[in-house]
Amino acid sequence: MINTKFTPQTWPEHPEQVTQEGKNKYVGIWIFICSDIVLFASLFATYISLRNKGPAGMEFTSQELFELPLAFVMTMFLLTSSLTSVYAMYQLKKYNFKGVQLWTGATILLGLGFLCLEIYEFYHYVHLGFGYTQSAFSSAFFTLVGTHGLHVIIGLVWMTCLIVRNASRGLNLYNAPKYFVASIYWHFIDVVWVFIFTVVYLMGVLG
Amino acid sequence: MSHDTEIQGRSQAQYEYDRRKSAQQLRKQVINFAIMIFLTFIAFATVVADFAPTFIKPIILLLAGIQVVLQLYSFMHMDDKHAPYIGVISTFVWVGAVIAFTFFLAFNTIVWW
Amino acid sequence: MSSVAVTKKKGVGAVIWDYLTTVDHKKLAVLYLFSGLLFFAIAGFEALLMRIQLMYPNSDFISAGTFNELLTMHGTTMLFLAATPLLFAFMNMIVPLQIGARDVAFPFLNSLGFWLFFLGATFLHLSFFLGGAPDAGWTSYASLSLYSPGHGIDFYVLGLQISGAGTLISAINFIVTIITMRAPGMTFMRMPLFTWTTLISSTLILFAFPPLTVGLFLMLVDRMFGANFFDHTMGGNTIIWEHLFWIFGHPEVYILVLPAFGLFSEIIPVFARKRLFGYSSMVFATILIGFLGFMVWAHHMFTVGLGATANAIFAVATMAIAVPTGMKVFNWILTIWGGSIKVTVPMIYALGFIPSFVAGGVTGVMNATAPLDYQIHDSYFVVAHFHYVIVGGIVTAIFASFHFYWPIFFNRTLSEKLGYWTFWIFFIGFHLTFFVQHFLGLMGMPRRVFTYMEGQGWDLFNFISSIGAIMMAVGVLLMVVNMLLSIKSKPVNCRDYWGDGRSLEWAIQTPIPFYNFKQLPLIRGFDAYWIEKQEGNTEGMTYAEPLGDIHMPNNSILPLVMAIGLFIAAFGALYHPDGVSWSIPVMVIGLGITVLAMIIRSVKDDLGYHVHVDEILAIEKELYGKGGNN
């Protein structure tokens with residue numbers, strides 16, 4: 001499997017599906033995502049019930065705290081990184097290894113941009129006094145958005161490891177499914193972010 | 001090669017057909033991406049425009065829902081009838097969504113009352 | 001890594017290394033079996049101590065604080081660290097055989113799941129020696145556990161977090177295996193019932209453990225890092241813990257009972273010598289129980305004050321679960337009806353299970369009536385109810401399956417005679433212990449109390465209950481003796497030990513070779529092996545492929561290393577709030593070990609190894625003599 005030499009023409013149309021291991025990984029990442037859906041649902045539910053709840057006389061509210069322009073820019077970064085991931089998978093189908101590496105790299109860079117903006121945002125809130133232990137609202141906010149951020153970090157490390165690991169190996173039927181499941185995971189991260197910007201930032205500003 | 005790997009060689013015609021199909025699918029996904037940007041923009045715009053919250057809340061939730069379904073079915077290939085076991089996978093995802101919805105309902109009603 | 005030398009005598013060290021690095025589902029099943037038994041014995045001992053304390057009023061055999069630790073650890077250990085691993089033992093051993101696969105979808109993760117469970121369990125039990133076990137009940141409600149002094153609750157949170165991760169990983173593994181690795185011809189509706197219940201139970205684990213993960217994490221940060229989720233003075237709400245815990249907790253009991261149902265659905269047709277009645281409705285009922293299990297959690301919170309509407313909704317939903325469960329009971333009865341019944345130890349456990357579980361189920365419906373629950377909540381009535389369903393349902397299934405599947409696990413049998421002694425002593429003891437507790441509850445005795453005043457009319461029943469507990473302990477001891485004696489007994493060395501096997505796991509001659517089937521079997525219907533037997537095929541299954549090289553996974557020490565890393569990191573996290581200087585370095589080192597092991601795993605190509613045809617033939621000849629296993 002590792003040593004077979006392919007050309008774009010002999011490379012299978014669905015490289016991630018032709019081996020048993022590839023099929024298993026494909027189904028496996030989806031099943032894992034189902035558990036992650038419920039994990040985030042629990043965190044969302046907790047956040048919704050603790051929004052704006054704090055000690056008597058707390059001066060932080062979601063209406064005043066959250067800044068929409070920043071959230072919008074972060075969304076654009078993450079959404080675009082999802083698109084670059086789609087492009088990477090297109091190159092995977094075409095057996096264009098350099099293309100896969102390049103577009104995955106682009107995904108990582110955009111993801112890093114998102115992460116930097118988020119770290120800046122957190123730093124800004126802590127600076128204002130809205131730290132993790134400030135209130136139930138702050139604990140819930142940082143836990144929910146922070147868990148998403150942790151998932152982003154994991155995704156970035158994962159994709160970086162893929163790029164580095166395979167640099168000398170090229171594409172083959174053993175590592176093609178690895179790229180594919182990482183891409184599905186990354187899309188899921190974006191899906192969760194859609195809910196975060198809607199429920200946390202948009203509904204937060206609405207009051 | 002182990003016996004559980006199924007590789008079928010392709011003719012030149014099949015190869016070119018596959019390439020065209022792939023390119024078409026990519027174009028569809030880029031269009032879907034543009035729609036997602038548009039939906040995001042609308043959601044932000046309605047909030048910034050300061051309409052009444054009771055109207056906007058369901059609208060932005062609906063927009064989020066549409067965008068998520070678009071992501072699932074387009075970017076994540078949940079619409080691909082040939083993907084292995086996609087029927088089973090879709091069932092699991094929708095069941096997960098239903099359960100997630102129950103949490104949302106419960107925490108909105110029976111935590112503070 | 002070929003195994004031509006299958007009978008090369010291995011030294012003790014080599015055997016230990018083999019078990020530490022194995023990814024073989026059969027060996028992992030054995031590891032789960034013994035760990036589960038160990039924790040079952042520990043938790044049973046905790047129960048015995050509690051019952052001795054409660055034998056007489058105003059007893060001071062055990063102090064109040066210790067009693068709280070015992071009751072917490074008894075519940076936590078029995079559910080998470082005894083019942084779950086014992087059921088996983090059966091799932092791991094039997095499910096790949098039943099679907100005609102050579103191993104599970106992710107053998108490496110299978111091993112990781114086991115070691116995470118084992119080290120999480122060990123971490124939790126170390127609390128006894130390091131300042132005291134958790135003492136806020138297995139439910140660890142946020143008000144009490146937030147302020148519990150000492151590290152007990154922290155052990156609970158961290159131990160269950162690690163162990164729970166292992167359980168979740170194993171569940172994903174089983175789901176993917178059952179979806180992708182069925183043998184040719186095995187459609188979903190031809191799968192044996194135990195495989196179905198494993199699939200649904202694993203789906204329940206998939207959806208129920210994340211809320212527990214979140215709840216435990218919130219408890220952790222509230223206790224250790226000053227978060228405010230449950231602190232009402234800072235805007236938090238203690239009900240959130242109850243919701244998250246019971247959203248997990250209710251599906252948890254279905255996670256445990258569905259595989260038990262599946263095991264009985266395998267045992268009863270074999271010993272009634274009749275096909276399972278109503279297969280499709282059994283599958284449907286299993287799925288419905290699983291789904292409804294997520295809609296009823298607040299029936300543990302009737303007295304919290306959710307209001308009449310919420311209580312009514314959850315009461316009705318809870319009662320609805322009785323319907324598919326009843327379907328299953330009727331189907332078992334109708335399977336036995338008109339069959340040519342052969343009473344063996346597994347069958348007598350099944351016959352004892354049906355009335356016991358139904359009794360527990362009906363008291364469950366009583367508890368589901370919200371107004372009545374206001375009277376009996378937190379009383380011994382609830383304790384009686386859940387022990388009837390857990391012991392009458394799950395423990396009975398596990399004991400029955402020990403006898404039923406021992407030939408497959410170890411190529412030995414458990415003694416029938418000792419098995420009958422065990423059954424009767426345990427079964428009578430079980431009813432003595434818990435039947436009277438219904439009345440204790442109705443008479444007003446609260447649960448989780450370390451003693452009671454005399455003269456309230458509770459003395460006699462408490463005494464009887466404790467006698468029953470001693471009988472149960474004797475029964476379990478007899479069973480352990482039975483298991484030890486089987487080591488020296490004669491190997492079975494045959495196919496289809498019970499003679500009436502219907503599904504694939506009985507089609508292979510024991511001892512089962514490490515690759516299970518030398519050729520993948522062709523499935524021609526439900527009860528696939530039975531079909532072959534009916535057609536006169538005396539040598540196992542018809543095969544779907546010619547004999548060829550077999551692809552097997554490599555062993556690896558990395559899962560154990562990853563789990564050890566998390567174990568070490570947990571100590572750092574535990575002592576961090578005490579302000580010790582070494583907490584952060586220990587956390588970093590522990591997490592570093594885990595991450596390093598993950599990186600090594602990712603960087604190396606691991607394609608497994610091939611067993612060539614001549615090696616297969618040599619192994620079969622070695623194991624079974626000339627002619628092999630066909």
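**Entry 1: helix H1 of chain A.** H1(A) has 31 residues, which at 1.5 Å a residue should span 45 Å, and its end C-alpha atoms are 45 Å apart, so the two values agree. For the expected span I took 1.5 Å times one less than the number of residues. I noted that the model is predicted, that local features need pLDDT of at least 70 and side-chain atom pairs 80 or more, while totals for chains, interfaces and linings use all residues. Residues are numbered from 1 along each chain as its sequence is written, and chains are lettered from A and ligands numbered from 1 in the order in which they are written.

Next I looked up how enclosed H1(A) is, and found that 29 of its 31 residues are buried, so the rest of the structure largely encloses this helix. A residue is buried if 20 or more other C-beta atoms, placed from the backbone, lie within 10 Å of its own, exposed if 12 or fewer, and partly exposed in between. After H1(A) comes Asn52(A), whose phi is positive, near 65°.

**Entry 2: H1(A) beside chain B.** I then turned to H3(B), residues 86–109, whose axis comes within 9 Å of the axis of H1(A) and crosses it at roughly 10°. Axes are lines fitted to C-alpha atoms, for helices over the stretch in contact, with angles from 0 to 180 degrees between N-to-C directions. That crossing makes H1(A) roughly parallel to H3(B), a term for angles under 35 degrees. Their contact has 19 nonpolar, five polar and no charged residues.

**Entry 3: chain A against chain C.** I found 30 residues of chain A in contact with 31 residues of chain C, where contact means that C-beta atoms, placed from the backbone, lie within 7 Å. On the side of chain A that touches chain C, H1(A) (20–50) and H5(A) (136–166) are the elements that give two or more residues, and H1(A) gives the most, with 15 residues.

**Entry 4: Thr318 of chain C.** Which helix holds Thr318(C)? I placed Thr318(C) in H10(C), residues 308–336, and it counts as buried because it has 25 C-beta neighbours inside 10 Å. Leaving aside neighbours within four places in sequence, I listed Val296(C), His299(C) and Ala368(C) as the contacts of Thr318(C). I also noted Asn367(C), 49 residues from Thr318(C) along the chain, with 9.5 Å between their C-alpha atoms.

Key. Contact = placed C-beta atoms within 7 Å. Helix = DSSP H or I, 4+ residues; strand = E, 2+ residues; numbered from the N terminus. Parallel < 35°, antiparallel > 145°, perpendicular 65-115°, else oblique. Nonpolar A, V, L, I, M, F, W, Y, C, P; charged D, E, K, R; others polar.
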